[in-house]
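Please consult the sequence and the structure alongside the text.

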Amino acid sequence: MLSNHLTQATNAMAPPINLSTINHLDISDIMIIESQVYPQALQEPKQTLLRLIDNNPFNLAARQEEELIGFILADCEGTAPNEIWLYDIAVKPSHQKQGIAKLLLSNFLNITYQHQLSILI
């Protein structure tokens, strides 16, 4: 499903950024990025992150040479059938201000639009 939405952002100096779906193998990297970006009180417990990954195929990972550098998490639990929560978006501090969050959000919006979902924030 997401293969049609694979996008690359290129920078003359940096390797391309590839988008893919998030999987359980990404959980440690997601937690590391959250610890770098958010104060401890706003970091999600591992169980919540695992539930979000299980619950939704619309979660996106931004990778550069297989390294997870950013992500977007969405949540369908507790919403109407045509709604989805934009739960979290984060990019490693070392990769911020390079358009990665914009790339993630743009692809997320395109995917949700194609599935006729309303986004709750």
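Strands E5 and E6 (residues 118-120) run parallel and are joined by 3 bridges; two strands count as paired if DSSP finds at least two bridges between them. Trp85 has Leu120 as its bridge partner in E6. Together with helix H3 (residues 100-114), E5 and E6 make a right-handed β-α-β unit. Right-handed here describes a crossover whose path from the first strand over the helix to the second runs clockwise, with the strands pointing away from the viewer. Helices (H or I, at least four residues) and strands (E, at least two) are DSSP runs, numbered from the N terminus.

The model is predicted: local features need pLDDT of at least 70, side-chain atom pairs count only at pLDDT 80 or more, and totals for chains, interfaces and linings use all residues. Residues are numbered from 1 along each chain as its sequence is written, and side-chain values use heavy atoms, with hydrogens and water left out.

| Strand pair | Sense | Bridges |
|---|---|---|
| E3 (residues 60-64) and E4 | antiparallel | 5 bridges |
| E4 (residues 67-75) and E5 (residues 83-91) | antiparallel | 6 bridges |

E3 and E4 form a hairpin with 2 residues between them, and Glu65 in the turn has a positive phi of about 50°. Of the 9 residues in E4, 8 are buried, where buried means under 20% relative accessible area, exposed over 50%, and partly exposed in between (1.4 Å probe, protein chains only).

Which residues does Lys92 touch, not counting residues up to four places away in sequence? Lys92 lies in the loop between E5 and H3, and is buried, with a relative accessible area of 15%. Its contacts (heavy atoms within 4.5 Å) are Ile33, Gln36, Glu67, Leu68 and Ile69.

For the protein as a whole, the secondary structure comes to 3 helices and 6 strands, in the order β-β-α-α-β-β-β-α-β from the N terminus. Buried residues make up 39% of the 121 residues. Of the contacts with a separation of 6 or more, 60% come from residues 24 or more positions apart. The accessible surface is about 7,000 Å², of which 53% belongs to carbon and sulfur atoms; accessible areas come from the Shrake-Rupley method with a 1.4 Å probe, and for residues only the protein chains shown count as cover.
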